[in-house]
Amino acid sequence: PMTTATDAAAFARLRAAGFVCAVARLADLDLPRLGHEIGVGEDEIHAVIDVETSGGGFDALKRPKMLFEPHRFYAALSGAARTRAVSLGLAYPTWGERPYPADSYPRLFQAMAIDEAAALKSASWGLGQIMGSNHAAAGYDSPQAMVLAFCAGGETEHLAAMVRFIKANSLDDELRARNWAAFARGYNGPQYAKNSYHTKLAAAFAKWAGIPDT
């Protein structure tokens, strides 16, 4: 079921504010409570959010952490829109073709001027870095609704979305088994090994396994 519907006026206000939110961090019980929904402990959840966002869902400017992916934007567009995006350096066909800037938000705003929905779908968001294109699996009727919820609900909402996405993609078995390669393939994509995503997960889990739970 969809948890949050799009409010066009609210999203317009958030966009005008530069996606700055009232930051709300995870509560002590959020990890065990939400981890319980997929049968995992705090250490497994910690490992995923450590690798995705170093454990925080907002940046220093109080915006949801976000990475705009030009190759995804390229795939989402066609015709004149794609031509314009390519000419502005916002889209290219192959992942890793050019380095990412330190801040993806300027690119996102330029991309939204071409196609708002496609731009939002081409970015990964929040604590679990959920792609906007995966909004339905995370529990929202649109990428706009997902970003709104991430701002309104803070990191608790980010984590709830991550858990829903894991369940929707049947990755909870892999996470429970700590089969890091299989989980990485489903969560991060088939190129996961290029960034050592699975070994980073294993190392993060080992770190947290040595720290007392909440």
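**From one loop to the whole fold**

Author: Let's start with Ser 54, which sits in the loop between helix H3 (42-53) and S1. Helices here are DSSP runs of H or I with at least four residues, strands are E runs of at least two, and both are numbered from the N terminus. Bear in mind that this is a predicted model, where local features need pLDDT of at least 70, side-chain atom pairs count only at pLDDT 80 or more, and totals for chains, interfaces and linings use all residues. Residues are numbered from 1 along each chain as its sequence is written, and side-chain values use heavy atoms, with hydrogens and water left out.

Reader: How far apart are the C-alpha atoms of Ser 54 and Leu 127?

Author: Along the chain, 73 residues separate Ser 54 and Leu 127.

Reader: How many helices and strands does the protein have?

Author: The C-alpha atoms fill a box of roughly 50 × 35 × 30 Å along the principal axes. Of the 214 residues, 47% are buried. As for secondary structure, the count is 12 helices and 3 strands.

Reader: Which strands stand at the edges of the sheet?

Author: The 3 strands make an open antiparallel sheet in the order S1-S2-S3. S1 (66-68) and S3 (130-131) each have a single partner strand, so one side of each lacks a neighbour in the sheet. Two strands pair if DSSP finds at least two bridges between them. The edge strands are S1 and S3.

Reader: What is the bridge partner of Met 66 in S2?

Author: S2 covers residues 123-125 and pairs with S1 in the antiparallel sense over 3 bridges. In S2, the partner of Met 66 is Trp 125.

Reader: Where is Gln 129 found, and what is its phi?

Author: Gln 129 is found in the loop between S2 and S3. At 15% relative accessibility, Gln 129 counts as buried. Its phi is positive although the residue is not glycine, with a value near 50°.

Reader: And what is the phi of Ser 196?

Author: Ser 196 lies in the loop between helix H11 (180-188) and H12. It is partly exposed, with a relative accessible area of 31%. This is another positive phi in a residue other than glycine, near 55°.

Reader: Which residues does Lys 200 touch, not counting those up to four places away in sequence?

Author: Lys 200 lies in helix H12 (residues 197-209) and counts as partly exposed at 46% relative accessibility. Its C-alpha is 9.9 Å from that of Ala 184, 16 residues away in sequence. Taking a contact as heavy atoms within 4.5 Å, Lys 200 touches Val 51 and Asn 195.

Technical notes: Buried means under 20% relative accessible area, exposed over 50%, partly exposed in between (1.4 Å probe, protein chains only).
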